[in-house]
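Please examine the structure shown here before reading on. The explanation begins with a pair of helices and then turns to a strand and its neighbours.

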Amino acid sequence: MARGIRPPHPPGRALRVGLTGGIGTGKSTVADLLAGHGATVVRADDIARDVVEPGTHGLEEVVAEFGPDVLTADGTLDRSALGEVVFADELRRARLEEILLPLIAAEAWARLEGVPAGQVAVYDVPLLVEGQMQDMFDLVVVVEADLDTRLERLAERGLGAEQAMARIASQATDAERRAVADVVLLNSATLEDLVVEVDSLWEEQLAP
């Protein structure tokens, strides 16, 4: 979709934006900037934590599949332990997604539908392409960064190069994301440069 054209959408609901990008690209920073402009941001990562809180059906299913070793002593999900299992085994990762993605999607959609008509609802979701969700949105925004920049950012978050590359390899490629993108934001430079890009996107295509 050309920049400068607000996406068409039914007048009785919010403009729905799918925001995605690989780990380390700065997608969450873009979400924060859009929230600063007044968008309502629904974050898949937040919902992913909510659906596996103690006492939830999601946590029960995860433990039934992966065993009690993915729990901490207080009965909460040990994300580090679970990550070591699923990022080393494609089939196990697929099984985890099979359990959690429907739960996350249902809750996310309920939150998006709660955004008033005339406003902007952004779904910040890493697995938009993997989940083939692109047709659910009026506009798909993809955040990209070069590999060296992503590795530097992930190192700052405590991920070694091998772990970081495994996480990157487990996600969709840049080409796969670009294939569904209406807008691509490049985030390999400074925060100031990204702010300019997001400001432009908001004014040209998103602002109510």
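**A helix pair and a buried strand**

Helix α6 (residues 147-156) packs against helix α7 (residues 161-169) at an angle of about 120°, and their axes lie 10 Å apart. Because of that angle, α6 is oblique to α7; angles under 35 degrees count as roughly parallel, over 145 as roughly antiparallel, 65 to 115 as roughly perpendicular and the rest as oblique. Axes are lines fitted to C-alpha atoms, for helices over the stretch in contact, and angles run from 0 to 180 degrees between N-to-C directions. Helices (H or I, at least four residues) and strands (E, at least two) are DSSP runs, numbered from the N terminus.

The contact (heavy atoms within 4.5 Å) involves Leu-147, Arg-150, Leu-151 and Leu-154 of α6, together with Ala-164, Met-165 and Ile-168 of α7.

The model is predicted: local features need pLDDT of at least 70 and side-chain atom pairs count only at pLDDT 80 or more, while totals for chains, interfaces and linings use all residues. Residues are numbered from 1 along each chain as its sequence is written, and side-chain values use heavy atoms, leaving out hydrogens and water.

Strand β4 (residues 139-144) is largely enclosed by the rest of the structure, because 6 of its 6 residues are buried, meaning under 20% relative accessible area with a 1.4 Å probe and protein chains only. Leu-139, Val-141 and Val-143 are buried on one side of β4, and Val-140, Val-142 and Glu-144 on the other.

Strand β1 (residues 15-21) runs parallel to β4, joined to it by 5 bridges; strands pair if DSSP finds at least two bridges between them. Val-17 stands opposite Leu-139 of β4. Strand β5 (residues 183-186) also pairs with β4 in the parallel sense, over 4 bridges, and Leu-185 of β5 is the bridge partner of Val-143.

Key. Buried < 20%, exposed > 50% of the residue type's maximum accessible area, 1.4 Å probe, protein only.
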